[in-house]
Amino acid sequence: RLTAAYPASPLDRPASIDDDAQAMRELARAAVAANADKDLSGYTIAEFAADVDELRQALGYERISLFGGSFGSQWSLATMRLYPQRIARAVLSGVEPLDNGYDMPSHVFAALQRLSFEADRDPALAPYLPPGGLMGAVRALRQRFAAGTVRVRVRDAQGREQSVTLGAQDLQLALLAHADDAGQWPALILSLYHRHYDVWAREVVDQRAAGEIKLIGPLADSSLGVSAAREYRLRSDPALAYLGAWNFASNIASAPDWPTPDLGDAFRLPRASDIPVLFVHGDWDTSTPVENTRELLPYFRNGRAIVVHRGGHDGAFYLLRDAPQAKKAVYEFLRSGRDEGLPVEIDAPLPKFEVPDFAPPPR
C-alpha cells in the first residue's frame, strides 16, 4: 500500500490552486525518493489492462465481457483499446473516457444547473431562495468572495477554537465538494448565501490538516495525462470562474515529477470500435459528467446509451434500481449481447432536498 504524507495547509490565508500545485510537485518528488527501491513506473492504466488480459488467460476464457463504473469504465476502455479481440461486450456507467481524466468545468456546472432547476421548484426551499434561485445564489457568492476574504472562528472536535480564512478558491472547492450529494447541495449553497459559514469552515479546517494520499491515483493519472487539445479546453473553459482549476491543475503540473511514462495521444484519443457497448449515465453526475458519454458514443458503431435523468455518479444497476424492465434488458445485453428493450432515457425519482438548519430570513 503505497502512500505519501502531505503537510497541513495554513489557516490564516485562503486556499490557492497555485499553492496546491506546488505542494503536489513537492509531494511527488518526496514520494519517489522515499520509494527508490520500488519500480513506480509500472503503475499505469495500460499495465492495469494487461492484468485483466492475464487474468482472462489464467481463467481460460477466449473472450470476456466488461462491467465497470467510474475509473472502472476508464480501465475497461483501456482494456478494449489494447485487447479489442478479447472483449465480447461491455456495460459502462459514470463513464470516464481515456482523454477525460480531468472533468470539463462547464460540464460539471451544467449538471449543477440541471439539479438547481428541480431544487428551485421545491416548496420547502422556496423561502430561502434569492432572486435567480440557486444559480443566483452561486453568482452572488462568487461576487462576494471575489471582493474579499471572510474569517470565521469555529471550534474543532476537541473543543479548541480556531480561526480560518476563506476566499474565492475555497468557495470553488465548496461548490464541488458536495455536488455529488444532490439532496444536500442546495442547502449548502443557501446556507453560504445567507452567511451561515460555520459548517463549511469546520470542513475546511479538517481539509487543511495534514494527511496522506494513495500514490496509485496520481501515478496512473499522470501517465494517462491529457491531450493538448483537451488541456486547452480545460484552461479556457468559461466555468473556471465558478469551479476553478482544482480538478486538473495540480495533476498536470506534477506529471513530470512522477516516474510513470506518458501514454500519448495514440492511446488516449477516441477511435472507432465495433465492440458492443452499453453506456448508462446520470445527467446529475458531477464526477464524470454525462457529456463524457455523449461525446464518446459516436465512436462505438454498436454502442447504445441510457441517460438517467436525475441520476448521479452511481453504478449501472443502482441507477436503474427503479426501472426493473430496463435493468432486465441490461442483464440480457450483458449475457447475450441482445439489445431489445433497452430504453434511451429514464427518469429517476426526485430526491428529497435537505433544508438549511436555520429559519428562513424575513422577506
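Leu-59 is placed in helix 2, which covers residues 45–59, where helices (H or I, at least four residues) and strands (E, at least two) are DSSP runs numbered from the N terminus. The model is a predicted one, in which local features need pLDDT of at least 70 and side-chain atom pairs count only at pLDDT 80 or more, whereas totals for chains, interfaces and linings use all residues. Residues are numbered from 1 along each chain as its sequence is written, and side-chain values use heavy atoms, with hydrogens and water left out. With a relative accessibility of 54%, Leu-59 counts as exposed; here buried means under 20% relative accessible area, exposed means over 50%, and partly exposed lies in between (1.4 Å probe, protein chains only). Together with Leu-55 and Tyr-61, Leu-59 makes a nonpolar surface patch of about 340 Å². Such patches are made of residues with over 30% relative accessible area and no salt bridge, like charges being joined within 9 Å and nonpolar side chains (Val, Leu, Ile, Met, Phe, Trp, Tyr) within 5 Å. The accessible areas come from the Shrake-Rupley method with a 1.4 Å probe, and for residues only the protein chains shown count as cover.

Aromatic rings were considered next. A pair of aromatic rings is described by the distance of the centres and the angle of the planes. Rings of Phe, Tyr and Trp (its six-membered ring) pair if their centres lie within 6.5 Å, and planes under 30 degrees apart count as stacked, over 60 as edge-to-face and the rest as tilted. A search of the whole structure finds 11 aromatic pairs. In one of these, the ring centres of Phe-317 and Tyr-331 are 4.4 Å apart and the planes are at 15°, so the pair is stacked. This pair links distant parts of the chain, since Phe-317 belongs to helix 15 (residues 316–319) and Tyr-331 to helix 16 (residues 324–336), 14 residues apart. Phe-317 counts as buried at 16% relative accessibility, whereas Tyr-331, with a relative accessible area of 47%, is partly exposed. Elsewhere, ring pairs link Phe-48, Phe-71 and Trp-75 into a cluster.

Arg-121 lies over the face of Phe-117 at 3.7 Å from the ring centre, and the charged end of Arg-321 sits over the ring of Tyr-318, 4.2 Å from its centre. Arg-321 also meets Asp-322 in a salt bridge (3.8 Å, N to O), a salt bridge being a side-chain nitrogen of Lys or Arg within 4 Å of a carboxyl oxygen of Asp or Glu. Arg-321 is partly exposed at 42% relative accessibility, and Asp-322 is partly exposed as well, with a relative accessible area of 48%. Salt bridges that share partners join Arg-25, Arg-29 and Asp-257 into one network.

By this rule the count comes to 19 salt bridges. In one of them, the side chains of Asp-274 and Arg-301 meet at 2.8 Å, N to O. Asp-274 lies in the loop between helix 13 (265–268) and strand 7 (277–282), and Arg-301 in the loop between helix 14 (291–296) and strand 8 (303–309), so the pair ties together parts that are 27 residues apart in sequence. Asp-274 is partly exposed at 48% relative accessibility, whereas Arg-301 counts as exposed at 57%.

Ser-70, with a phi of about 60°, lies in the loop between strand 2 (64–69) and helix 3 (71–82) and is partly exposed at 25% relative accessibility. Arg-195, with a phi of about 65°, is found in the loop between helix 7 and helix 8 and counts as exposed at 54% relative accessibility.

Key: Lys NZ or Arg CZ within 6 Å of the ring centre and 35° of its normal.
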